[in-house]
Amino acid sequence: MGVKLLLDKAHVPGIRFFETYRKEGGYKAVEKALKQMNPASIVEEVKKSGVRGRGGAGFPAGMKWSFIAKPEGVPRHLVCNADESEPGTFKDRYLMEFLPHLLIEGLIISSFALGSNDTYIYIRGEYAWIVDILEQAIDEAHANGFLGKNILGTGFDCNIYVQRGAGAYICGEETALIESLEGKRGNPRIKPPFPAIEGLWKRPTVVNNVETLAAVVPIINMGGDEYAKIGVGRSTGTKLISACGNINKPGVYEIDMTISVEEFLYSDEYCGGIANGKRLKACIPGGSSVPILPANLLLKTAKGETRLMNYESLSDGGFASGSMMGSGGFIVLDEDQCIVKNTYTLARFYRHESCGQCSPCREGTGWMEKILKNIDTGKGKMSDIDLLWDIQRKIEGNTICPLGDAAAWPVAAAIRHFRDEFEWHVNHPEEAQKRNYGLAHYADPIHVPA
Amino acid sequence: MSEQPLFKVTIDNITVEVPAGTTILNAARKIGGDVAPPAMCYYSKLEGSGGKCRTCLVEVSKGSEKDPRPMPKLVASCRTTVMDGMEVKNITSDRVIDARNGVVEFLLINHPLDCPVCDQAGECHLQDLSYDHGKAGTRFEFQRRTFKKHDLGDKIQLHMTRCILCYRCVFTADQLTGKREHGVLDRGDHAEIATFIEKNLDNEFIGNVIDVCPVGALTDKTFRFKNRVWFLKPVDAHRDCPTCSGKVTLWNRGDEVYRVTARKDQWGEVEDWICNTCRFDKKQTSDWVIEGPRLIDRHSVIAQGHYAGTVGTNKPKETFKAVHAGRQPKLLMDIHSVSEVNQPNITLSQLDRPAHSTDFKQNKD
């Protein structure tokens with residue numbers, strides 16, 4: 001049994017409500033932070049903890065906090081990114097649905113540390129019922145003096161507002177989120193200036209993922225150094241993984257990043273193995289935008305080491321033979337799944353969600369989708385595969401925001417690892433409509449130059 | 001002004017000194033010529049413009065004197081400010097050329113390639129860009145995205161099929177006029193420029209959106225399909241206008257004024273915004289005081305002939321070899337130097353017989 005810091009109380013009946021949460025030891029971290037610590041020491045603790053942003057990029061949260069500009073007389077803001085729209089990721093939903101007070105507690109501490117008196121939760125529009133849960137939690141916190149004016153007699157004022165998005169994936173990108181929060185069209189801004197200098201209403205702003213902010217509570221409770229002892233290397237603390245796909249036990253799991261992918265996938269404590277006794281074909285380990293990995297590269301790195309569920313190990317080997325931790329959306333594909341169809345589905349998603357601001361992403365995502373549709377429906381040509389590769393290469397890195405990269409990586413990885421499946425689709429257009437290419441030789445280790 | 005520090009920035013092996021806060025693009029424009037990256041969405045007069053089309057991507061091979069690390073990604077030169085000692089590669093970088101070719105291809109896949117029937121042909125920035133960077137054929141084998149034409153009022157027509165979503169017209173309407181006139185609806189490759197439920201654009205300065213449009217998406221209905229721009233003679237003129245500066249370019253054929261536009265500089269940007277009255281209503285020569293011929297260098301087709309090479313005096317001459325690093329770029333204007341037929345130094349009237357191809361050969365022996 002691994003360490004649980006976030007979900008340890010998730011199954012206590014009524015933990016959603018203030019009284020139960022308080023009885024179970026909740027809001028102790030707020031008392032400790034506001035009464036015994038000052039903003040600088042909280043930032044220092046978070047830095048020491050080494051907690052990395054849980055939203056996907058994995059940027060150290062303490063570092064991000066220390067970048068915030070502090071001009072005289074300008075309010076600062078903390079924004080909680082609850083716009084969890086990545087296909088395959090649903091960890092924040094679980095956290096907010098069952099432990100809303102954990103998030104509120106983390107938000108109060110973080111607001112105190114950053115000097116934000118008005119803090120916003122930007123929540124995905126589709127999570128309509130969670131808005132009610134959060135607002136109820138905020139009301140309860142207000143009634144008990146943890147929010148509002150002069151919290152716990154410390155003179156610190158803080159209000160939390162919940163803002164619903166309107167159903168755009170792109171608004172999960174922090175600058176697009178800020179634009180949307182300001183009431184504008186959710187187009188990502190051109191960086192620099194980064195939000196820490198010029199964010200919401202041109203004020204210094206920090207945008208953090210739900211899970212990152214929730215993790216602040218155990219960090220304050222146990223101290224940054226203790227928190228950093230959990231996990232391996234630079235992957236400290238615990239991480240929520242939302243596992244889905246062809247597994248026996250889909251769901252949200254908290255792991256301490258020391259377990260291997262094999263253990264996570266096959267042990268009964270976590271995913272419980274591949275459903276229906278099938279074999280593993282491939283896996284997208286960090287949400288739809290990270291590169292897909294074939295079975296052999298998922299369980300072992302190209303160097304032959306056991307792959308662990310943490311930031312470093314999952315990205316071992318770069319994109320040639322590795323992937324990314326991403327946002328922790330663990331999507332498992334069994335031998336019956338078609339990689340071409342899977343890639344087409346993802347390309348369709350990114351085409352639909354591209355904001356249309358910069359040309360490579362706007363035009364490139366649509367083009368890739370059309371080509372993949374042709375290959376999938378048996379109208380593809382052999383040259384289309386090279387064309388796809390060329391298109392993704394020209395999108396990646398040339399766009400304003402990471403959505404371009406996120407659209408390019410899945411296509412690139414699918415072609416890199418499963419090129420013969422694409423070729424089989426082109427060569428056997430009729431057969432491809434009836435059956436799947438199957439496992440082929442992906443269980444065999446491939447040679448990766450050192 | 002107090003002492004402002006000057007930053008040294010080297011672009012394509014040419015060093016220039018610019019004030020702090022200048023963007024790479026503007027520094028490159030100071031050098032001029034082919035060193036300046038193309039810009040489809042950036043417009044120096046519009047706040048917030050730029051960064052969208054990605055044609056101006058450049059490689060920063062040295063960040064600054066203090067921090068010489070190169071930037072990992074290509075950056076949009078129109079929105080990246082220079083640092084002291086920065087070294088930038090534009091046309092000397094194969095990565096940049098490759099990425100730019102990709103961007104041009106992306107811009108063209110949904111753009112109708114019907115320049116012969118497009119009103120913008122001859123002064124279209126996308127046309128120029130695809131001459132320089134485009135491929136002869138397309139790899140896009142699908143139906144192109146199309147939209148219906150919309151009339152935004154009785155003077156301006158919007159044809160979204162041609163639009164490349166540079167947002168220039170949106171910024172123009174926002175910044176020149178008092179209220180928000182139009183914006184972008186929808187998302188991704190089906191995004192479109194639109195007014196609020198087909199409302200008209202109604203403002204004294206709204207005609208300027210036609211001038212800022214880099215392609216033929218916004219056209220002047222008082223001029224549309226009346227004539228091709230390369231048949232018209234641009235002349236500078238002015239009038240005493242109560243609302244705007246009154247400094248315009250008239251596009252004449254004979255004595256007839258076909259259209260009135262604002263004056264554009266060598267980067268295709270408007271020098272002074274003009275009002276709708278000047279643009280749409282004053283189409284008599286008697287309305288205007290003629291100043292003289294307008295010199296145009298930027299655009300491909302209208303610049304052919306006697307207008308070529310008369311503007312843009314700040315082209316780098318001495319460092320041409322250094323700039324191109326041995327490569328021979330495709331120069332649209334230099335048709336005379338490669339063509340054996342179209343030699344400007346041969347006067348046909350001096351021949352006493354019909355011209356033969358041998359007359360045009362430079363080395364006749």
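Domain bounds here come from an automatic or database domain assignment. This is a predicted model, in which local features need pLDDT of at least 70 and side-chain atom pairs count only at pLDDT 80 or more, while totals for chains, interfaces and linings use all residues. Residues are numbered from 1 along each chain as its sequence is written, with chains lettered from A and ligands numbered from 1 in the order in which they are written.

**View 1. Domains 1 and 2 of chain B meet.** Let us start with the domains of chain B: domain 1 covers 6–104, domain 2 covers 110–293 and domain 3 covers 320–360. Between domain 1 of chain B and domain 2 of chain B, the C-alpha centres are 27 Å apart. Their contact draws 17 residues from domain 1 of chain B and 18 residues from domain 2 of chain B, where two residues are in contact if their C-beta atoms, placed from the backbone, lie within 7 Å. On the domain 1 side, α2(B) gives the most, with 3 residues. Helices (H or I, at least four residues) and strands (E, at least two) are DSSP runs, numbered from the N terminus. By class, that side of domain 1 of chain B has 7 nonpolar, 5 polar and 5 charged residues. For these classes, Ala, Val, Leu, Ile, Met, Phe, Trp, Tyr, Cys and Pro count as nonpolar, Asp, Glu, Lys and Arg as charged, and the others, Gly among them, as polar.

**View 2. Chain B touches chain A.** Here 27 residues of chain B are in contact with 24 residues of chain A. On the chain B side, α2 (94–109) and β8 (182–185) each supply at least two residues. The most comes from α2(B), with 6 residues. Sorted by class, the side of chain B that touches chain A holds 15 nonpolar, 5 polar and 7 charged residues.

**View 3. Two residues with positive phi sit in one loop of chain B.** Follow the loop between β1 (6–11) and β2 (14–19) of chain B to find Asp12(B). Its phi is near 50 degrees, a positive value in a residue other than glycine. Asn13(B) lies in the loop between β1 and β2 of chain B, and has a positive phi of about 70 degrees although it is not a glycine. Are these residues buried or exposed? Asp12(B) counts as buried because it has 25 C-beta neighbours inside 10 Å. Asn13(B) has 17 such neighbours inside 10 Å, so it counts as partly exposed. The cut-offs are these: a residue is buried if 20 or more other C-beta atoms lie within 10 Å of its own, exposed if 12 or fewer, and partly exposed in between, with C-beta atoms placed from the backbone.

**View 4. Domains 1 and 2 of chain A meet.** Chain A is divided into domain 1 (18–230), domain 2 (240–334) and domain 3 (339–434). The C-alpha centres of domain 1 of chain A and domain 2 of chain A are 28 Å apart. In this pair, 14 residues of domain 1 of chain A are in contact with 16 residues of domain 2 of chain A. Helix α5 (residues 91–98) of chain A gives the most to the domain 1 side, with 3 residues. That side of domain 1 of chain A divides into 5 nonpolar, 5 polar and 4 charged residues.

View 5. Lys191(A) and Pro192(A) are joined by a cis peptide bond, with omega about -5 degrees. The peptide bond from Pro192(A) to Pro193(A) is cis too, with omega near 5 degrees. Pro192(A) has its place in the loop between α8 (174–181) and β5 (205–209) of chain A, and Pro193(A) is found in the loop between α8 and β5 of chain A.

**View 6. Helix α16 of chain A is mostly covered.** Of the 18 residues of α16(A), 15 are buried. Just after α16(A), Gly378(A) takes a positive phi of about 85 degrees.
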